[in-house]
Amino acid sequence: MKQDELKKLDNEIGQYAADQTKIIWVDDQTMQIATMMIDSYGDTVYVWVKEDEDHCRVSDGGRILFKLNPNQEDMELYETAADIALGSGYQFDEEHCEIYVDVDRKNVAQAAMKLAQLQVAISYLG
């Protein structure tokens, strides 16, 4: 009986997450994912997935740091965010202030949800 309850709850959690996550195509190669995560400003966290020939790029599009520091004046914030991103297994593009990772198609969902969590954490730096 207990195992059945665990399996049912596991399925309900998965269904809830799926229902709260909205995905749209923004062009022929790029998807926008509105995750169920909410940042420190109370806004929905978005992730972009761009399909390439042999991988997918999962990215924040540079938006979390733009939101926190639109004039790019706080260099310590950028350094801290870059350190957090790199320490979490993501890359940081200094020119575009973008947090991203390139993954196989089978790892897109995991990379997108982890990036959303990372964005929530970074949003509290601002």
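Okay, quick definition before we start: helices and strands here are DSSP runs, a helix needing at least four residues and a strand at least two, numbered from the N terminus. With that in hand, read along the sequence, this protein goes α-β-β-β-β-α-α-β-β-α. So what's the tally? Four helices and six strands. And keep in mind that we're looking at a predicted model.

Now the overall picture. The protein has 126 residues, and 34% of them count as buried. Its C-alpha trace spans about 55 × 35 × 25 Å along the principal axes. The accessible surface comes to about 8,300 Å², with 49% of that belonging to carbon and sulfur atoms. As for contacts, take those between residues at least 6 apart in sequence: 48% of them join residues at least 24 apart.

On to charges. We've got 11 positive and 25 negative ones, and their mean positions are 11 Å apart.

Let's zoom in on the rings. How many aromatic pairs are there? The count comes to one aromatic pair. That's Tyr46 with Trp48, a tilted pair, 6.0 Å centre to centre with 35° between the planes. Are those two buried or exposed? Well, Trp48 counts as buried because its relative accessibility is 13%, under the 20% cut-off. Tyr46, at a relative accessible area of 34%, is partly exposed.

Trp48 turns up again with a charged neighbour: Arg63 lies over its face, at 4.0 Å from the ring centre. And there's another arrangement of that kind to look up on your screens: the charged end of Arg57 sits over the ring of Tyr100, 3.9 Å from the centre of that ring.

How values were computed: Residues are numbered from 1 along each chain as its sequence is written. This is a predicted model: local features need pLDDT of at least 70, side-chain atom pairs count only at pLDDT 80 or more; totals for chains, interfaces and linings use all residues. Side-chain values use heavy atoms; hydrogens and water are left out. Rings of Phe, Tyr and Trp (its six-membered ring) pair if their centres lie within 6.5 Å; planes under 30 degrees apart count as stacked, over 60 as edge-to-face and the rest as tilted. Buried means under 20% relative accessible area, exposed over 50%, partly exposed in between (1.4 Å probe, protein chains only). A charge sits over a ring if NZ of Lys or CZ of Arg is within 6 Å of the ring centre and within 35 degrees of the ring normal. Contact means heavy atoms within 4.5 Å. Accessible areas come from the Shrake-Rupley method with a 1.4 Å probe; for residues, only the protein chains shown count as cover. Lys and Arg count as positive and Asp and Glu as negative; His and the chain ends are not counted. The place of a charge is taken as NZ of Lys, CZ of Arg, CG of Asp or CD of Glu.
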